[in-house]
Amino acid sequence: MIGEFEYAHVSSVEQGCTLLTKHNGNAKILAGGTDLLVNIRNGKDSPTLLVDLKGIEELAEFQPNGKEGALIGASVPLNVLAEDRVIRRNYRALAEAAASIGTYQIRNRATLAGNLCNASPAADMAPALFVLDAVATVVGPHGTRTLPVQDLFVGVKENALSLDEVVTAITLPSQKPQIRTRFLKIQRIRGHDLALLNMAGCLDAASGKLRIAIGSCAKTPLLLPSLNEPVSEDASIDALVEKLNALAQGTIQPISDLRASAEYRRAMVSVLLKKILGALLHPKEEK
Amino acid sequence: MSAKEENLSYVGKSIPREDGAAKATGTARFVHDLSLPGMLHAAPMKSPYARARIVRINTDAARALPGVRAVLTGDDLNFLLGLYMQDKPILARGVVRYQGEPVAAVAADTLETARAACALIEVEYEPQTPILDPREAMTPEAPLVHEDLHAYHYMEGVFAPKPHSNIAHHQKIRVGNVDQGLEESDLVMKESFYNPPVPHVPMETHAVIAQALPNDQIEIHTSSQSPYTVRNLLCHSFGLPHANVRVHVPYVGGGFGGKAGIHLEPLAYCLSKAAGGRPVKLVATREEEFNTLPSRQGLHSEITIGVSSEGRINALKVVYTWDAGAYADYGVNVGRAAAYAGAGPYRVPNCRIDSYVVYTNKVFGTAFRGFGHLEVLWGIERAIDIVAHRLGMDPYAFRMKNLLKEGDRTITGETITAGHGRPDKCLEAVAAAIDWGEESPPSQEEPQKVRGKGIAVLHKAPAMPTFTSCSAIIKLNEDASADIAISGVDMGQGTYTALRQIAAEELKLPIEKVHMTWECDTAFSPYDWQTVASRFAFMGGNAVIEAARDCLQQIKQVAATALKTSPEQIVCLAGQAFRMGEKERAILYEKLALGYTFENGNAIGGPVIGHGRYIATGLTHLDLATGQGLPALFWTYGAHGVELEVDKETGNVEILKIVTALDAGKVLNPKLCKGQVVGGVLQGLGSALFEGFIFSEEGQLLNPSFTDHKIPTMKDIPHASEQIFIETPQPDGPYGARGIAEHPMISVPSVVGNALYDALGIDFTKLPLTAERIYLAIEKERKP
Amino acid sequence: MKPRDPTMHTIHLTVNGEREEVSVPAGMTLLELLRERLYLTGVKEGCGAGECGACTVLVNGLAVNSCLVLAVEVDGAEIQTVEGEAKDGKLSELQQAFIDEGAIQCGFCTPGMIMSARGLLSKNPHPTRSEIVEALAGNLCRCTGYEAIIAAVEKAAERGPKDNRR
């Protein structure tokens with residue numbers, strides 16, 4: 001037995017919320033289970049009820065190419081995102097981030113919503129969603145609301161949901177062809193590992209708008225403040241890196257832990273910036 | 001028993017494993033998979049403190065939980081166990097010596113109940129400041145990890161614990177005059193090196209089922225490398241005759257040294273006894289495997305080397321300070337072996353080595369693949385490179401000038417013979433394979449990536465008692481198939497397959513008719529010391545040869561009578577026996593396997609059962625003052641060459657190509673030998689690049705799981721690898737073979753360290769060589 | 001204090017083609033169900049935390065760590081374990097390839113490796129080397145150094161029936 005808890009398989013989000021309300025913080029949503037069950041096993045979490053929403057059709061919805069953009073239901077596993085051709089083409093950083101998490105087996109179960117709601121400062125899905133202006137749809141006993149994904153992150157492993165709210169979908173605006181995104185992650189080994197640092201970048205090659213988000217560098221992943229001037233493809237990468245790095249260093253507050261020192265994390269910011277900007281400004285030269 | 005090169009049918013061929021189908025179908029049963037009627041499940045309760053006095057333990061609530069059948073604490077178990085030094089209690093008594101040490105244990109109907117009961121055990125501790133650095137532990141003011149060290153039993157004449165100290169053993173090598181040798185040197189280099197403790201990480205954790213049977217009988221099923229040692233140590237500590245204890249070892253999911261000696265068996269047995277004789281199963285969780293079960297000792301090395309301007313080693317002075325952790329029952333022998341091997345495979349006329357095995361309050365060390373040699377050669381092979389560079393000499397040329405050759409003496413006074421093997425040939429082979437001397441072309445597109453090449457040599461002899469032995473029994477069945485019984489364990493290294501090949505070759509039987517008995521059972525599998533030290537193929541091979549020849553002799557005897565001739569006239573070939581020149585009158589083994597029956601009904605002979613044994617001969621204890629003696633059954637030499645690429649911006653290392661050469665004497669099975677090397681090299685790369693325990697200041701193990709103790713995955717393998725086998729026959733080895741099981745990992749960290757110097761001009765002295773460590777060193781060089 | 005009796009859930013699933021009906025508590029993992037209730041001890045526990053892949057089985061064709069799936073979550077699912085790989089006592093090409101290539105040493109990681117490979121070959125009968133690595137990198141092995149395992153999957157892909165699905 002991995003833990004002592006009850007299990008409820010619900011057929012509607014409403015039913016799920018009702019149970020969450022009733023159990024007043026002692027019930028948790030069981031999505032992929034790859035974070036929750038690990039936490040239950042090692043005693044970090046001890047809910048008395050797990051609520052399984054995976055049977056709800058609406059939450060399994062996956063529309064990568066909708067007219068309004070992409071819709072990713074809460075129970076869509078990460079491998080679907082990593083392997084989908086449309087996601088790889090239109091929201092490349094999202095696919096790259098999904099492919100970087102855990103192992104193939106983990107990705108067949110883990111979900112995007114789960115990764116976000118777990119709210120780890122190192123959440124690999126966060127930076128890409130921040131720079132892509134992703135929005136979370138949240139359903140609770142008081143109705144439905146939406147919020148930018150970055151607002152889901154409140155603190156270390158602390159999300160903005162109340163105890164009886166459920167993320168039902170993540171939506172992404174429809175992508176124009178001039179939007180380019182990339183995601184990179186610093187790990188200790190080439191095999192599966194948590195991020196020592198992760199970063200996503202999004203460049204609108206037409207308007208020159210550039211956004212960078214960095215994770216595993218503060219209590220939550222951070223969206224860097226935007227630059228005032230538009231970025232052109234001819235811009236000097238080194239100059240851009242210097243500017244953004246200065247901005248980043250002033251914003252991030254990395255810690256030293258057994259995985260990496262703050263010094264190393266800070267140093268890797270400019271390394272990732274250089275790689276990501278190189279790819280965004282000169283995608284044809286990418287190896 | 002020299003190598004017979006001509007017309008070998010099986011030895012030297014890549015015969016596939018017989019156990020492949022069982023493992024590929026999941027029918028191979030490991031202790032994890034076994035169940036006995038009435039079996040209980042056990043769980044340990046572990047100390048949160050690295051050092052503390054146990055003030056009080058209250059087990060009332062635990063005992064009251066329904067389904068709990070036994071609860072034990074250290075007070076119930078006044079026993080000390082250990083292989084070379086008896087310093088290990090079964091459960092902590094009076095004091096805890098490492099965070100993770102079992103303090104109490106429960107056997108219950110279900111594992112959940114056992115764990116719930118553990119949570120109900122109340123322990124009052126008086127925490128004390130732990131000693132975490134072995135060098136500090138050696139100072140006179142340091143508190144003692146073992147107050148009663150002076151009273152412990154240990155293998156006398158071999159080990160030398162220092163009473164009323166934290167020194168479990170001190171091994172000395174004294175050859176020539178080191179101070180004079182250093183004085184006369186043109187260049188003296190002194191440097192310190194460090195290896196952290198590293199866990200084995202077998203994929204199957206430790207597991208045991210023990211049952212206390214009536215009349216002080218014990219039956220044990222254990223995932224172990226050493227059934228006879230388990231039996232012997234249990235009997236010794238519990239005062240039982242050997243015949244009372246029966247140990248079974250089924251399939252074992254990896255050991256790497258961590259399953260040698262004795263581990264969870266005594267606790268499981270005591271729980272069974274306390275539970276009225278019901279079988280008790282105790283399986284380590286992965287976290288317990290990291291945090292409670294022993295690992296590889298850490299090592300601080302201080303190496304001073306004096307050389308002449310022409311590049312000859314004059315003198316070597318070394319202090320090895322082993323971080324044994326809380327117990328040193330096996331670790332004392334690592335300290336001993338490290339000393340006698342601690343100069344590397346070189347000619348060193350003046351040598352002083354002091355190897356101290358020191359207690360600290362951390363999870364303890366035990367045998368680990370390489371047995372101290374990886375740790376020692378990290379320092380030695382790095383030191384050789386450093387001093388060569390300082391002399392302005394090519395490290396290859398430097399090594400060639402100093403490697404042991406026929407006629408040279410080792411630092412224990414052993415003379416190298418033609419049958420020892422050729423470290424120079426190994427080095428030559430790897431250097432050629434990586435185009436040593438030719439600089440790697442720098443990357444055009446990525447200037448932040450630089451390349452470097454490195455070489456390193458290795459050596460190891462089995463580190464074992466001088467009287468170590470092995471035995472084998474072969475019996476023929478009615479259909480003249482043969483079963484081999486032996487108590488060495490095939491935990492994946494493939495020795496059973498090599499032994500089958502040897503037996504088939506000697507018995508003149510088709511290999512399909514020769515089988516290993518897969519489960520070792522001390523009731524009928526004959527004695528073997530332990531499957532460690534890379535000695536099983538050597539000693540087991542020799543024992544099997546003798547057993548097979550014994551069978552053959554019996555066959556010949558009976559065939560001779562049947563054919564009215566003498567045994568010397570009988571030829572055995574392809575499962576038949578015939579008088580020389582009279583093949584048409586051959587008798588099939590099937591007609592001889594259970595004796596021979598004449599036409600009129602008379603019978604002679606009987607069931608054919610051959611026995612063979614091999615004992616190490618000529619080995620001596622090492623003089624405790626000078627380290628002189630003959631400890632080595634055989635030496636296996638080897639070398640690595642590596643070409644790697646470092647990303648200066650991140651510190652990441654890519655292994656482009658790693659080449660390994662070993663003088664195997666005789667490659668018994670090329671595919672299996674290659675498998676050992678590929679696997680061992682990758683385990684070595686793990687130690688080189690990212691493996692190692694991290695402790696808090698309070699002595700807590702911070703990375704007791706795969707989350708933060710990474711081992712190489714399929715994505716971490718080198719871009720290219722090559723395995724080269726030199727075959728200088730070992731005169732007393734089976735078909736000339738020597739052991740090679742541990743050797744593939746021994747100098748991998750040092751060859752990587754050497755290549756990093758070539759790439760970056762930075763000398764690394766501490767392991768692991770993580771990206772962060774490399775990056776920070778590069779930065780420090782850039783702006784000191 | 002006695003732990004409360006958990007609610008039992010009756011689930012139906014197909015395991016290696018056999019239909020099973022079992023009654024399980026919520027906290028029982030699929031790994032425990034397979035090993036302890038259905039006696040499919042070919043499925044191994046290496047870490048219990050989704051890091052090592054020794055417990056890999058296929059759930060509706062997808063490779064998952066059975067230690068992180070609850071039995072109750074697979075009601076109605078089709079499970080494949082290593083015990084279902086050989087048919088009528090005949091080893092599959094994949095199992096034979098593992099043996100032929102020397103991809104097996106201690107054997108503890110082998111069932112999980114084979115299931116990850118089966119999951120891959122069923123969807124992608126001719127994978128590239130990098131696709132093989134991606135599918136199997138979640139299976140840890142301490143013995144072989146992985147090269148022979150990659151070679152085994154490549155060989156099975158070469159040899160296997162055009163539709164590698166089993």
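Q: What helices and strands does chain C have?
A: In this predicted model, chain C has 5 helices and 5 strands.

Q: In which order do the elements of chain C run from the N terminus?
A: The order is β-β-α-β-β-β-α-α-α-α.

Q: What radius of gyration does chain C have, and what would a compact globule have?
A: Chain C has 16 Å. A compact globule with 166 residues would have a radius of gyration near 15 Å, so the value for chain C agrees.

Q: And what does the C-alpha trace of chain C span along its principal axes?
A: About 55 × 30 × 25 Å.

Q: How much of chain C is buried?
A: Of the 166 residues in chain C, 63% are buried.

Q: What about contacts in chain C, how many join residues at least 24 apart?
A: Taking contacts between residues at least 6 apart in sequence, 59% join residues at least 24 apart.

Q: Moving to helix 1 of chain C. Why is it called largely enclosed?
A: Helix 1 covers residues 30-37 of chain C, and 6 of its 8 residues are buried, so the rest of the structure largely encloses it.

Q: Which residues of helix 1 of chain C are buried?
A: Leu30(C), Leu31(C), Glu32(C), Leu33(C), Leu34(C) and Arg35(C). The list takes in Glu32(C) and Arg35(C) along with the leucines.

Q: What covers the buried residues of that helix?
A: The cover includes strand 2 (18-25) and strand 3 (56-59) of chain C.

Q: What happens just after helix 1 of chain C?
A: Tyr39(C) takes a positive phi there, about 55°.

Q: Domains next. How is chain C divided?
A: Into domain 1 (8-84) and domain 2 (93-159). Their C-alpha centres lie 21 Å apart.

Q: How many residues of each are in contact?
A: 16 residues of domain 1 of chain C are in contact with 13 residues of domain 2 of chain C.

Q: Which elements give two or more residues to the domain 1 side?
A: Strand 3 and strand 4 (62-65) of chain C. Strand 3 of chain C has the largest share of that side, 3 residues. Strand 3 of chain C is also among what covers the buried residues of helix 1 of chain C.

Q: How do the residues on the domain 1 side divide by class?
A: The side of domain 1 of chain C that touches domain 2 of chain C has 9 nonpolar, 6 polar and 1 charged.

Q: How is chain A divided?
A: Chain A has domain 1 (6-52), domain 2 (62-173) and domain 3 (179-281). The C-alpha centres of domain 1 and domain 3 of chain A lie 34 Å apart.

Q: Now chains B and C. How many residues does each put into the contact?
A: Chain B puts in 47 residues and chain C 43 residues.

Q: Which helices of chain B each supply at least two residues?
A: Helix 1 (20-25) and helix 15 (670-689) of chain B. Helix 15 of chain B gives the most to the side of chain B that touches chain C, 8 residues.

Q: What is that side of chain B by class?
A: It has 21 nonpolar, 17 polar and 9 charged residues.

Q: What follows helix 14 of chain B?
A: Lys564(B), with a positive phi near 55°.

Notes:
Residues are numbered from 1 along each chain as its sequence is written. Chains are lettered from A and ligands numbered from 1 in the order in which they are written. This is a predicted model: local features need pLDDT of at least 70, side-chain atom pairs count only at pLDDT 80 or more; totals for chains, interfaces and linings use all residues. Two residues are in contact if their C-beta atoms, placed from the backbone, lie within 7 Å. Helices (H or I, at least four residues) and strands (E, at least two) are DSSP runs, numbered from the N terminus. Ala, Val, Leu, Ile, Met, Phe, Trp, Tyr, Cys and Pro count as nonpolar, Asp, Glu, Lys and Arg as charged, and the others, Gly among them, as polar. Domain bounds come from an automatic or database domain assignment. The radius of gyration is taken over C-alpha atoms; the globule rule is 2.2 Å times the number of residues to the power 0.38. A residue is buried if 20 or more other C-beta atoms lie within 10 Å of its own, exposed if 12 or fewer, and partly exposed in between; C-beta atoms are placed from the backbone.
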